[in-house]
Amino acid sequence: MKPVLHTEDLTVAFGGVKACNGISLDVYEGELLGLIGPNGAGKTTFINAVTGFVPWSGEVQFDGSSLKGLPPHRIAHRGLSRTWQSLELFGDISVRANLEVAATKLTPMMAIRDYFGSSERVAERVDETLAVLEMEDIVDERPDDLSMGYRKLVGVARALVAQTKLVLLDEPAAGLDRNETTWLAERLRQVIDFGISVLLVDHDMGLVLNVSDRIHVIDFGKTIAIGSPSEIRDNEAVIGAYLGAGGGDE
Ligand SMILES: Nc1ncnc2c1ncn2[C@@H]1O[C@H](COP(=O)(O)OP(=O)(O)OP(=O)(O)O)[C@@H](O)[C@H]1O
Ligand SMILES: [Mg+2]
């Protein structure tokens with residue numbers, strides 16, 4: 001198996017604080033990798049670094065080539081998408097329109113191509129994404145009128161619609177109840193079946209243990225464990241980190 005994302009010694013410093021301190025992490029093709037760690041461990045910073053929103057040192061390779069020095073829109077254009085810890089949706093236009101905006105806003109070059117007639121391709125991609133996530137019933141609804149579970153799913157769909165190879169999800173289950181979380185987990189496995197790799201950050205340990213193929217655990221910016229869900233569940237260093245942080249719940 002090839003890694004779609006490979007980081008080597010990834011380090012992000014904010015003044016004297018190394019929010020990520022030498023993280024070497026792989027996400028393989030067709031894999032759902034869970035990235036967990038207590039509050040302040042550096043998970044969001046890791047996503048921000050890989051997607052070009054904060055400067056970093058070390059190495060980041062996506063799909064076999066380095067992302068060094070690339071701005072966020074060029075990284076997104078290569079097929080690496082993300083969601084935000086806070087939802088960024090247009091609440092009062094339809095779900096379909098939200099996805100169309102996400103699918104067309106990538107780069108000026110793509111906008112020009114769209115002008116010369118590829119808007120059918122955008123509509124096709126939107127339909128495909130809606131089908132993968134089984135969202136056809138809500139295409140004409142407005143996010144403002146949907147449950148939190150569906151709003152989160154629209155956020156995931158927006159990240160997927162832009163011809164994505166890997167999507168980085170920052171706490172998609174925050175604010176969801178148990179039923180909504182189970183339902184979201186099923187949708188995330190469908191994303192994998194569709195050939196898109198996923199890096200999932202979440203504090204819901206049940207969700208992460210249940211849907212991940214492998215789990216990478218960080219604490220204070222450093223890797224403390226990598227393994228299968230059952231290995232991570234029993235790992236002393238992981239249990240210690242979470243006990244020290246008061247259980248890891250928000
Ligand atoms: N822009 C910034 N400037 C200074 N320090 C920052 C900045 N962003 C994050 N940090 C610090 O970096 C560390 C890692 O933060 P980060 O948000 O990546 O953690 P996290 O694992 O996502 O936590 P949470 O689970 O609470 O979302 C923290 O100590 C945080 O205070
Ligand atoms: Mg975070």
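Predicted model: local features only at pLDDT ≥ 70, side-chain atom pairs only at ≥ 80, totals over all residues.

Me: Which residues come nearest to ligand 1?
Reply: There are 13 residues around ligand 1, and the nearest are Gly-40, Lys-43, Thr-44, Thr-45 and His-203.

Me: Which helix gives the most to that shell?
Reply: That's helix H1, residues 43-50, with three residues in the shell.

Me: And what's the shell like by class?
Reply: Seven polar residues, four nonpolar and two charged.

Me: What about Thr-44, how far is its side chain from a ligand oxygen?
Reply: An N or O atom in the Thr-44 side chain sits 2.8 Å from an oxygen of ligand 1. The side chain of Asn-39 also has an N or O atom 3.1 Å from a ligand oxygen. With Ala-41 it's a backbone N or O atom, 3.2 Å from an oxygen of ligand 1.

Me: How much of ligand 1 does the protein bury?
Reply: 59% of the 640 Å² that ligand 1 exposes when taken alone.

Me: OK, switching to packing. Which residues have the most contacts inside the largest nonpolar core?
Reply: Leu-133, Met-135, Val-198 and Leu-200, in a core of 44 residues.

Me: What does Leu-133 touch, leaving out residues up to four places away in sequence?
Reply: Leu-153, Val-156, Ala-157, Leu-160, Arg-187 and Val-191.

Me: And how many residues are in the second core?
Reply: 28, and this core is separate; Phe-46, Ile-47, Ala-49 and Leu-67 are among them.

Methods:
Residues numbered from 1 in each chain as written. Chains lettered and ligands numbered in written order. Heavy atoms only, no water. Near = heavy atom within 4 Å. Polar contact = N/O pair within 3.5 Å; in protein donor to acceptor, adjacent residues only side chain to side chain. Areas by Shrake-Rupley, 256 points an atom, 1.4 Å probe, with all protein chains shown as cover. Helix = DSSP H or I, 4+ residues; strand = E, 2+ residues; numbered from the N terminus. Nonpolar A, V, L, I, M, F, W, Y, C, P; charged D, E, K, R; others polar. Core = buried A, V, L, I, M, F, W, Y, C linked by side-chain atoms within 4.5 Å. Buried < 20%, exposed > 50% of the residue type's maximum accessible area, 1.4 Å probe, protein only. Contact = heavy atoms within 4.5 Å.
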